[in-house]
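Hi,

Here is the structure I promised to hand over. Have a look at it first, and then read my notes below.

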Amino acid sequence: SLDILRGITVAGMILVNNGWGESFEMLKHSKWNGMTPCDLVFPFFLFIMGISCYLSLVKSEFKPTASVLRRIVKRTVLLFVIGLFINWFDHAIEGDLLCFGHLRIMAVMQRIALCYFFVSMFAIFCNHRYTVPTIIVLLVVYMALLVFGNGYAQDAETNILAQFDLNLLGYDHIYHKSPVDPEGLLGTISSIAHVLLGFYCGKLIRERETVEQKVIAIFVLGTVLVLGGYLLSYGLPLNKRIWSPSYVLMTCGLASLLQAFLMYVIDIQQKSGWTTFFHVFGVNALALYVSSELLAILLGNWGISEWVYNGIHAVIPALKWASLCYAVYFVLLNFAIGYALYRKKIYIKL
């Protein structure tokens, strides 16, 4: 069921990232405060990564052995470098091979790398009874930064999150399409808390003996988090761009509820005949996400994306529906790549 949730999330990430032209509002990220279905996909993935961290490191009994540390560092560096490569490739395909002076440093893969590293370090060096207190401390510290640092301001000149990235990374290496980099450095604080919530969920899954007990524990956790996020949003609105504490609680809660539902359907009711499509994405999640990013850059640069979209638009005049059909086509294209790997039982672990 965890693979299926991961697959649903990655397929959703590819879908919302690859509309062409004018998309439905629900398939676009919220411009500032608020939350759309599109805003769920990345936080769901971070939550799942937290569960996976627990289930993976428990095999080594959370001991900081040399081999475990090497594996964590190696994976962190690999994920971060892949993120930089995607950013570089976007420039290089247009002939700007030496774009290092204006290469964006942070992005989705880089945030995944940093969160993975810090949560893994917590997992092997800290007592797990402090998981919830650590989450609370991280969110409270970040909350204070937002309140006293003008974190909700849509003004890069006064927002502490934007100013931190600007002063540390430099203007040429930061995101310029919104006042705040949605994968900025300070936002990593609440993102680590986000992954730790997934880690705590993995702990609950591991400690409960029966599947029924696991489902109940995760359902209760999800309900508490959703209610907490909803109440907190009255003072600190949901905001994906700054990864607000209310956004952390709400999205982790919704991910927990969906995980509980999938465990009930797949593991208890044994209804898994519909899962193959998402299983394909789930077992090669990061590999297919990376391939989708590179493929989107290639097809866009070669004019193939525009050609395909124009063909769809000729049949479907409504711009938003044509955009959705293009996004579905792109998901299916990546499914074809994933299915070839799936049939040969090739699982690329990044």
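**What I found**

Let's start with Thr9, which sits in helix α1. (Helices here are DSSP runs of H or I with at least four residues, strands are runs of E with at least two, and both are numbered from the N terminus.) Before going on, bear in mind that this is a predicted model, where local features need pLDDT of at least 70, side-chain atom pairs count only at pLDDT 80 or more, and totals for chains, interfaces and linings use all residues. Residues are numbered from 1 along each chain as its sequence is written, and side-chain values use heavy atoms, with hydrogens and water left out.

Back to Thr9: is it buried or exposed? Thr9 counts as buried because its relative accessibility is 3% (buried is under 20% relative accessible area, exposed over 50%, partly exposed in between, with a 1.4 Å probe and protein chains only). Leaving out neighbours within four places in sequence, Thr9 is in contact with Val41, Phe44, Phe45 and Ile48 (contact means heavy atoms within 4.5 Å).

Helix α1 also packs with α11, at an angle of about 10 degrees and with the axes 10 Å apart. (Axes are lines fitted to C-alpha atoms, for helices over the stretch in contact, and angles run from 0 to 180 degrees between N-to-C directions.) That angle makes α1 roughly parallel to α11 (under 35 degrees is roughly parallel, over 145 roughly antiparallel, 65 to 115 roughly perpendicular, and the rest oblique). From α1, the residues Arg6, Val10, Met13, Ile14 and Asn17 meet Ala285, Leu288, Tyr289, Ser292 and Glu293 of α11. By class, this contact has six nonpolar, two polar and two charged residues (Ala, Val, Leu, Ile, Met, Phe, Trp, Tyr, Cys and Pro count as nonpolar, Asp, Glu, Lys and Arg as charged, and the others, Gly among them, as polar).

Ile266 is in helix α9 (residues 245-268) and is buried, with a relative accessible area of 11%. Besides Ser1, the contacts of Ile266 include Ile4 and Trp274. Pro64, in the loop between α2 and α3, is partly exposed at 39% relative accessibility.

(On a 1 Å grid over the protein atoms alone, a cavity is a set of points where a 1.4 Å probe fits but cannot get out; a pocket is an open set with protein on both sides within 12 Å along at least five of seven lines; lining residues have an atom within 4 Å of a point.) Of its 29 lining residues, Ser52, Ser56, Arg75, Lys349 and Leu350 are the closest to the centre. Which helix gives the largest share of that lining? It is α2, with eight residues.

There is one cavity of 30 Å³ or more, and the largest cavity holds about 50 Å³ (a volume is the space filled by probe spheres set on grid points, which are joined across faces, edges and corners). Its lining numbers 14 residues, with Leu161, Val180, Asp181, Gly184 and Gly187 nearest the centre.

Cheers
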